[in-house]
Amino acid sequence: MWLRYCPRFMIIRRQHIELSTSAQFVQQLNTSRRDRSHSYYDGVYHGHIQTTPFQKALLAVGSGVAALQDPYRHDMVAVLGETTGHLALVSLRDRMRNDPEGLTILTERPRIRLSTLDLKNMASLPDGSFGREYLRFLEDNSVTPDSRTQVRFVDDEELAYVMLRYREVHDLMHTLLGMPTNMLGEVVVKWFEAAQTGLPMCALGAVLGPLRLNARRLQSLFTSLGPWALRNGRRGRCVLSIFYERRWDQNLEDLRQELHIEPPPATLHPSRKT
Amino acid sequence: MAANVRCSNINRRRRNFLSHCVINMAASVRTFVRSLSRKNACFAAVLRQSDCRWFTGAAEDRSTHFGFETVSEAEKASKVYKVFENVAQKYDVMNDAMSLGIHRLWKDALLHVMHPQPGARLLDVAGGTGDIAFRFLDYIRSQQEKQQRRAMSLGQTPSWRDISDGYPAGGGAPESAVVVCDINKEMLKVGRQRADSRGVTTGLSWVVGDAEELPFNDDQFDLYSIAFGIRNVTRIDQALKEALRVLKPGGRFLCLEFSKVTNPVLERLYDAYSFQVIPVLGEVIAGDWKSYQYLVESIRKFPDQEEFKGLMEDAGFFCVQYFNLTGGVVALHSGFKL
């Protein structure tokens with residue numbers, strides 16, 4: 001009966017309020033759900049962490065020390081590469097842009113992961129083809145293409161992709177150069193990458209890696225493998241500019257010739273221990 | 001009979017109508033008053049907030065903070081669990097690195113203020129890796145030795161009762177004991193490993209439990225401590241009520257937590273250090289940037305000294321006082337259940 005005496009305008013206003021609050025409630029629910037998915041930690045790309053120059057410097061020093069103390073801390077090596085590699089990444093990206101195939105890669109952004117590789121198809125390729133040799137490399141050394149660390153501290157999105165591509169292409173380097181994943185093979189690939197990319201992390205690895213090799217391997221590194229890697233790194237085409245995913249059936253020797261890489265001077269066999 | 005049914009129907013309709021009117025009247029009066037006293041934007045926001053709570057009222061839609069992020073209360077507990085699961089192995093190393101070893105002084109100060117005597121029972125909540133528990137046992141032992149030395153210096157030879165109390169199997173005085181309670185199994189695992197490596201076997205037990213819902217009966221413990229744990233609890237008032245419940249009358253509640261720095265210069269330095277250096281340390285030492293980012297943000301979100309004192313008094317503690325350590329970086333709150 002109170003309603004009978006309630007002025008008309010108050011009824012209308014109340015209905016309007018009820019409608020608007022329910023609409024706003026629905027809107028708030030939707031925006032809060034969206035806001036939750038866009039968490040505070042999302043930077044320029046998924047996994048990006050915004051850092052000040054001071055933090056980058058501190059990270060570079062800290063990760064360098066940590067990587068030296070424990071070389072098996074791959075995440076520290078990765079962080080060192082990201083924080084010190086800005087200039088090298090810029091020059092790499094420019095080289096990729098100047099190359100037509102590299103430009104395709106920068107636009108299409110392919111990823112090398114188990115989910116994107118067709119292993120059965122690659123196993124059926126003839127021996128000596130790039131895809132078959134890559135598969136053989138993965139099996140002989142018991143590695144998987146999925147173990148690469150995420151890029152986090154590079155502030156430009158395109159440069160972050162270049163860094164990621166560099167990491168994913170590392171195993172393909174091993175195949176191209178014919179090097180196993182033992183310590184000597186890794187050092188040789190690091191020398192090649194240092195000459196190719198100019199990343200300070202590669203240079204550091206190239207300088208400090210040999211410290212852990214025994215005399216016989218050091219000799220083979222300095223006399224034959226090392227100079228070969230440096231020579232080919234310097235004059236070879238930019239390895240990041242190759243669209244490997246479309247070249248699985250290409251012959252490995254043809255690919256090497258295209259990239260101006262000489263065949264390896266010695267065949268190294270994969271071993272379980274370094 | 002038809003007339004009775006009709007009457008009851010009418011009465012029911014009238015009752016429904018009346019209650020409907022009352023609710024509408026209350027709502028209308030409320031909105032009318034609000035419209036008079038606030039601006040439109042604020043009014044709409046307040047109304048939306050209060051009506052939302054009225055519509056839902058579940059934990060999924062009550063929001064709280066997780067560092068500087070806003071999450072629902074249900075999510076916060078699981079996110080905090082994951083943070084401590086990740087950091088458990090390197091927790092002690094990181095504490096030393098981040099606080100440059102000063103956290104040991106803070107925990108020693110907690111024990112000195114607590115001043116436990118032999119026979120006391122301590123519940124250490126969120127005490128995962130056992131720092132407070134080990135210090136408690138050492139303190140009790142040193143107190144016992146002090147008592148024995150004093151007795152001997154006064155020329156008193158121990159009576160047969162004292163000697164028999166000293167035997168481990170014998171009864172007599174209640175043994176001091178500490179119960180370490182933590183919601184996170186990984187932290188407790190690390191704590192147990194530390195206990196094994198120290199050779200501590202008696203007087204210590206490890207319990208998995210939630211500070212908001214402790215698995216203990218009422219009036220069990222003489223002392224309750226929570227060191228650097230209460231800011232991770234979703235509902236602090238609930239944790240304080242539980243603390244009050246499990247303490248004996250006369251029992252003491254002690255809380256060590258990061259708080260507001262009093263000196264402005266020190267505050268700027270502390271903020272710069274927290275946000276610039278600590279996540280980097282977390283990444284380099286523990287391989288986890290985000291957990292340590294959460295740590296420094298959760299410190300900023302925690303109530304300051306006076307607010308927390310107010311929360312303790314609201315929960316029912318008496319004689320609440322706090323001590324600032326290291327210029328307010330850490331505050332030690334103490335209250336009694338009477």
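A crossing of two helices is left-handed if the near helix is turned anticlockwise from the far one by less than a right angle, and right-handed if clockwise. Keep that in mind for chain A below.

First, some ground rules. This is a predicted model, where local features need pLDDT of at least 70, side-chain atom pairs count only at pLDDT 80 or more, and totals for chains, interfaces and linings use all residues. Residues are numbered from 1 along each chain as its sequence is written, chains are lettered from A and ligands numbered from 1 in the order in which they are written, and side-chain values use heavy atoms, leaving out hydrogens and water.

**Two helices in chain A**

Helices here are DSSP runs (H or I, at least four residues) and strands are runs of E (at least two), numbered from the N terminus. Take helix α3 (residues 53-69) and helix α4 (residues 74-84) of chain A: they pack at about 145°, with axes 8 Å apart. Those axes are lines fitted to C-alpha atoms over the stretch in contact, and angles run from 0 to 180 degrees between N-to-C directions. The crossing of α3(A) and α4(A) is left-handed. Contact means heavy atoms within 4.5 Å, and the residues that meet include A:Leu59 and A:Ala60 from α3(A), and A:Val77 and A:Leu80 from α4(A).

**Aromatic rings**

Rings of Phe, Tyr and Trp (its six-membered ring) pair if their centres lie within 6.5 Å; planes under 30 degrees apart count as stacked, over 60 as edge-to-face and the rest as tilted. The whole structure has 16 aromatic pairs over all chains.

Buried means under 20% relative accessible area, exposed over 50%, and partly exposed in between (1.4 Å probe, protein chains only). A:Trp191 is buried at 12%, and B:Phe308 is buried at 1%.

**Listed positions in chain B**

For "binding site", an unreviewed UniProt entry lists B:Thr129, B:Asp182, B:Asp210 and B:Ala211. B:Asp182 lies in strand β4 (residues 177-182) of chain B and is buried at 8%. Leaving aside neighbours within four places in sequence, its contacts include B:Gly127 and B:Val208. B:Ala211, in the loop between β5 (204-208) and β6 (221-227) of chain B, is buried at 9%.

Methods
UniProt positions are given in the numbering used here, feature names are shortened, and annotations may be inferred rather than shown by experiment.
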